[in-house]
Amino acid sequence: MDVQAPLLPDTGEPGFGVYIHWPFCAAKCPYCDFNSHVRHVAVDQEAFVEGFLKEMTAMRAISGARTVTSIFMGGGTPSLMKPQTVDAILSGIARHWHVPNGIEITMEANPSSVEAERFRGYRAAGVNRVSLGVQALNDRDLRFLGRLHNVEDALKAVRLARDIFPRMSFDLIYARPGQQEDEWVRELNQAISYAVDHLSLYQLTIEEGTPFYGLHRNGKIVLPSQEESARLYEITQDATSAAGMPAYEVSNHAVPGAESRHNLTYWRYGDYAGIGPGAHGRLTSGGRKYATATERNPEAWLAAVQAQGHGMIDNESLEREEQADEMLLMGLRLREGIDLVRWNALSGRQLDIEKEEFLIGHGFLERLGNSRIRCTPQGMLILDAVVADLAS
């Protein structure tokens, strides 16, 4: 592929994405409930590449011939992969589906695993967008979050990424214990000053099964109140909008045109092939949409792929009503909202007018012309309740 090709424009269509899950991390963060695993011996990257390639063949058999509009390598920590591993994976995707020049190809990276030579190798392989897991811009909170990097490492990674990749994003977690409004404003403005074109800004949530869950249950971690968290959310919207990086999704902010194409595929309810341990997918075949999921344990996944050509443990056909509910749940996260004509065709029904008018009357929902609806800023704060009301 031509790594210098300009990024193709966003057509507004859902598209077809390929997600690659690299499940390994150098350490497990105490807030993380993602499918990530620490191994104290070197991972056999060549064996996992062969596994990815075999599972691609199985997913290609379901999806049929498709044109890929985005590729995303997530984890885990994909930046622990060798550049040769990334190159082999991207080459495999191009053999199984049509991959035009200029599509978005994203890799997640942790600042603690960043090296200039490795970044240049990823760029040569075709990666044109990097997403850095910075999470905080002060060393105290980085230690609290269990991160292996410090602020100096993070800024070094940001500078490298900015110099090497055409597009860059990084993540921050806010609503941390004891976080004050003025502290978050300073941190947010500092993040914006680094000339990134995309920021993912998440409120800290406590997930069952994580070390933070037990600490929180025992009162050793105290999060901001609901009111304090809502205020931090409002500050986030105001600061990013003022800097020309408005929210295009609940937690994602971008310079117009720099939105994550791959994540838009999820939120616009497009199809995507999920490949690797613990990956999920949505694939349309024979007029039906299937929800796929693979074995989470990396070694068990690899053994299954070697034995049967894939690691899928679920390949469920979704009913129209299930698809319509998923489309509501994903699409109302977006500032652009959802296309009601598409939703009506998918669900086989119209939205309940009384419920819609109730939500509009209370300032939680709004119409965009005759064919789209979206949540208002107030509605975004109670998104789950809005979706539940409309779906019922």
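Which side chains does a polar contact of 2.9 Å join? I shall come to that residue pair after an overview.

This is a predicted model, in which local features need pLDDT of at least 70 and side-chain atom pairs count only at pLDDT 80 or more, while totals for chains, interfaces and linings use all residues. Residues are numbered from 1 along each chain as its sequence is written, and side-chain values use heavy atoms, with hydrogens and water left out.

The chain holds 15 helices and 17 strands; these are DSSP runs, helices being H or I of at least four residues and strands E of at least two, numbered from the N terminus. The radius of gyration is 21 Å, close to the 21 Å that the globule rule gives for 392 residues, so the chain is as compact as a globular protein of that length. That radius is taken over C-alpha atoms, and the rule is 2.2 Å times the number of residues to the power 0.38.

Of the 392 residues, 53% are buried, meaning under 20% relative accessible area with a 1.4 Å probe, protein chains only. Among contacts with a separation of 6 or more, 71% are between residues 24 or more positions apart, a contact being heavy atoms within 4.5 Å.

Let us now turn to S63. This residue is found in helix α1, residues 45-63, and at 9% relative accessibility S63 counts as buried. Leaving aside residues up to four places away in sequence, S63 touches F16, W97, L283 and T284.

The opening question can now be answered: the 2.9 Å polar contact joins the side chains of S63 and W97. A polar contact is a pair of N or O atoms within 3.5 Å; within protein, one must be able to donate a hydrogen and the other to accept it, and residues adjacent in sequence count only if both atoms are side-chain atoms.

Definitions and conventions. Buried means under 20% relative accessible area, exposed over 50%, partly exposed in between (1.4 Å probe, protein chains only).
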